Amino acid sequence: MMTRRLLITFTGLAVAFSALGQLKSMRDVAMDSALTSHKLIYFGKGEEPPRDSVSNLIRQFYENQFHHFSDPLAPYFLFLSKDSKLAMGMGGCVRMRAYYDWGGSIPSPGFAPYLIPMTKDPTRNRYFGTTPSGTALFFRVIGTNRKIGNYQIYIEANFNGYQARDFRLKKAYATINDWTIGYANSTFSDPQALPPIIDASGPNAKMSATSVLVRWMHSLPKGFTIAASVETPDESIEVITDKTAKSSQYIPDVAVFAQWAFNTSDHIRLSAICRSLTYRDLLTQKNRITPGWGVQLSSLWSPIPQLTLYGTVNGGAGYASMGGDWLMGNYDLVEDRKHPGRLYAPYVVGGYAGVQYNITPSIFISGTFGGTRYCPRFKLQPDAYKEGLYIAANVYWYLTPRISCGAEIDLGRRRSGNGDTRWARRLNAFAQFSF
């Protein structure tokens with residue numbers, strides 16, 4: 001009986017999704033307006049290509065399974081070949097944020113509950129700061145070749161280094177048909193399912209890892225997509241004096257996902273990652289390997305044109321260094337108190353839900369609620385991080401398709417091992433210019 005009810009429910013949802021998939025969300029309407037805001041420069045011999053061919057070529061600049069809401073738009077100036085087989089562009093964005101903390105400040109431009117001070121500091125009761133983090137430059141080439149098929153090259157760098165003013169490489173990869181090689185978002189991540197956040201850090205459970213990888217991603221009929229990759233590991237482990245030490249990494253991470261897209265940009269994605277975490281047991285003078293794993297379910301859905309829903313939940317052991325609050329500590333491997341010289345992968349879990357409502361295609365409000373929890377085998381130290389809560393509400397306004405501004409209020413709570421909690425508050429404002 002239960003199986004039958006679940007089957008009927010799933011069938012009903014599938015029919016509903018298919019019907020709703022005929023509606024265009026206001027997110028897509030806003031994207032359509034951005035597609036028309038380009039200055040086109042043609043090169044090569046012959047007449048200018050048909051408008052439909054040009055639109056399809058430009059749209060490829062926006063079609064990316066790992067494109068986040070805050071990523072730069074396609075360049076304003078685009079170079080197009082007259083045979084519609086090659087497009088080149090260099091663009092970026094200038095993003096400025098200002099933030100104000102009160103009732104105790106977080107010592108970071110990013111609002112991370114992990115960093116909330118658990119004791120009051122009268123010298124940092126209030127704080128006003130600014131940051132250009134997120135300001136970026138990128139270069140992209142998209143083309144079609146008779147021998148190798150479709151290809152693209154992408155390079156992006158931004159100001160997210162020391163004091164958010166150092167220019168650092170963010171992405172650099174090449175894609176040929178189904179294959180991607182280079183420095184790109186992990187296959188375990190789903191940036192499209194991240195809600196719009198002004199704060200530089202975003203939800204404290206987001207998976208945001210970037211690594212050098214080789215990925216195969218293939219589109220199947222009826223909106224299905226599958227992907228698998230091998231990725232360079234970057235583990236974060238606890239080092240215990242005279243007991244454990246870090247050792248060289250030599251086994252790549254393996255990540256996969258399966259996705260169903262039921263609208264222009266709406267989807268449900270199930271991701272997983274398998275890791276082999278290495279360390280040195282100094283007491284026995286042996287190198288050891290501990291398995292790590294993580295799973296994530298994420299979704300982006302517009303049930304009506306004005307409304308967009310975002311959701312992600314993830315959990316596992318030994319995947320903490322892939323993103324979120326856990327990046328602030330060493331939670332991939334921690335001390336096994338029953339076995340001196342040994343480490344183990346503790347469980348962590350997190351998630352968030354977001355909602356966006358478009359008043360018009362250029363003005364919307366959104367809210368996000370999320371949290372993380374650290375679940376080790378042993379009792380935590382009194383001041384150790386146990387869980388974090390993240391709440392954000394904002395309003396965005398696109399003055400033009402390439403000029404936007406907004407304001408946001410963030411609330412965060414950190415709970416320690418002894419049960420103590422502390423809240424933090426932040427007001428954010430930003431302006432962004434894409435070119």
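A residue counts as buried under 20% relative accessible area, as exposed over 50%, and as partly exposed in between (1.4 Å probe, protein chains only). The views below show a predicted model, in which local features need pLDDT of at least 70 and side-chain atom pairs count only at pLDDT 80 or more, while totals for chains, interfaces and linings use all residues. Residues are numbered from 1 along each chain as its sequence is written, and side-chain values use heavy atoms, with hydrogens and water left out.

**View 1. Ala392 in strand 20.** Ala392 is found in strand 20, where strands (E, at least two residues) are DSSP runs numbered from the N terminus. With a relative accessible area of 4%, Ala392 is buried. Its C-alpha atom is separated by 9.4 Å from that of Arg426, a residue 34 positions away along the chain.

**View 2. A nonpolar patch on the surface.** The patch is formed by Val94, Met96, Leu137, Phe167, Trp397, Leu399, Ile403, Phe433 and Phe435, which together have about 810 Å² of accessible area. Patches are made of residues with over 30% relative accessible area and no salt bridge; nonpolar side chains (Val, Leu, Ile, Met, Phe, Trp, Tyr) are joined within 5 Å, and like charges within 9 Å. Accessible areas come from the Shrake-Rupley method with a 1.4 Å probe, and for residues only the protein chains shown count as cover. At least two residues of the patch come from each of strand 3 (86–102) and strand 20 (385–400). Phe433 lies in strand 22 (residues 421–434) and is partly exposed, at 43% relative accessible area.

View 3. A cavity is a set of points, on a 1 Å grid over the protein atoms alone, where a 1.4 Å probe fits but cannot get out; its lining residues have an atom within 4 Å of a point. Grid points are joined across faces, edges and corners, and a volume is the space filled by probe spheres set on the points. The count comes to two cavities of 30 Å³ or more. In the largest cavity lies about 120 Å³ of space. Its lining has 13 residues, and those nearest the centre are Phe61, His67, Pro72, Arg140 and Tyr154. Strand 5 (136–145) and strand 7 (167–176) are the elements that give two or more residues to this lining. By type, the lining divides into eight nonpolar, two polar and three charged residues. Here Ala, Val, Leu, Ile, Met, Phe, Trp, Tyr, Cys and Pro count as nonpolar, Asp, Glu, Lys and Arg as charged, and the others, Gly among them, as polar.

**View 4. The second largest cavity.** This cavity has a volume of about 60 Å³. Among the residues that line it are Asp190, Lys206, Gln296, Thr312 and Tyr352. Five nonpolar, three polar and two charged residues make up the lining.

**View 5. Two loop residues with positive phi.** Most residues other than glycine have a negative phi. Lys222, although not a glycine, has a positive phi of about 60°. Lys222 lies in the loop between strand 9 (210–219) and strand 10 (224–231) and counts as exposed at 75% relative accessibility. Asp242 also has a positive phi, near 65°. The place of Asp242 is the loop between strand 10 and strand 11 (244–246), and its relative accessible area of 63% makes Asp242 exposed.

**View 6. The salt bridge of Glu335 and Lys243.** A salt bridge is a side-chain nitrogen of Lys or Arg within 4 Å of a carboxyl oxygen of Asp or Glu. The whole structure holds 11 salt bridges. In the one between Glu335 and Lys243, the closest N and O atoms are 4.0 Å apart. Glu335 lies in strand 16 (residues 334–335) and Lys243 in the loop between strand 10 and strand 11, so the pair ties together parts that are 92 residues apart in sequence. Glu335 is partly exposed at 26%, and Lys243 is partly exposed at 30%.

**View 7. The salt bridge of Glu387 and Arg413.** The side chains of Glu387 and Arg413 meet in a salt bridge of 2.9 Å, N to O. This pair links distant parts of the chain, with Glu387 in strand 20 and Arg413 in strand 21 (residues 403–416), 26 residues apart. Glu387 is buried at 13% relative accessibility, and Arg413 is buried at 18%.

How values were computed. Helix = DSSP H or I, 4+ residues; strand = E, 2+ residues; numbered from the N terminus. 1 Å grid on protein atoms, 1.4 Å probe; cavity = no way out; pocket = protein on both sides within 12 Å on 5 of 7 lines; lining within 4 Å.
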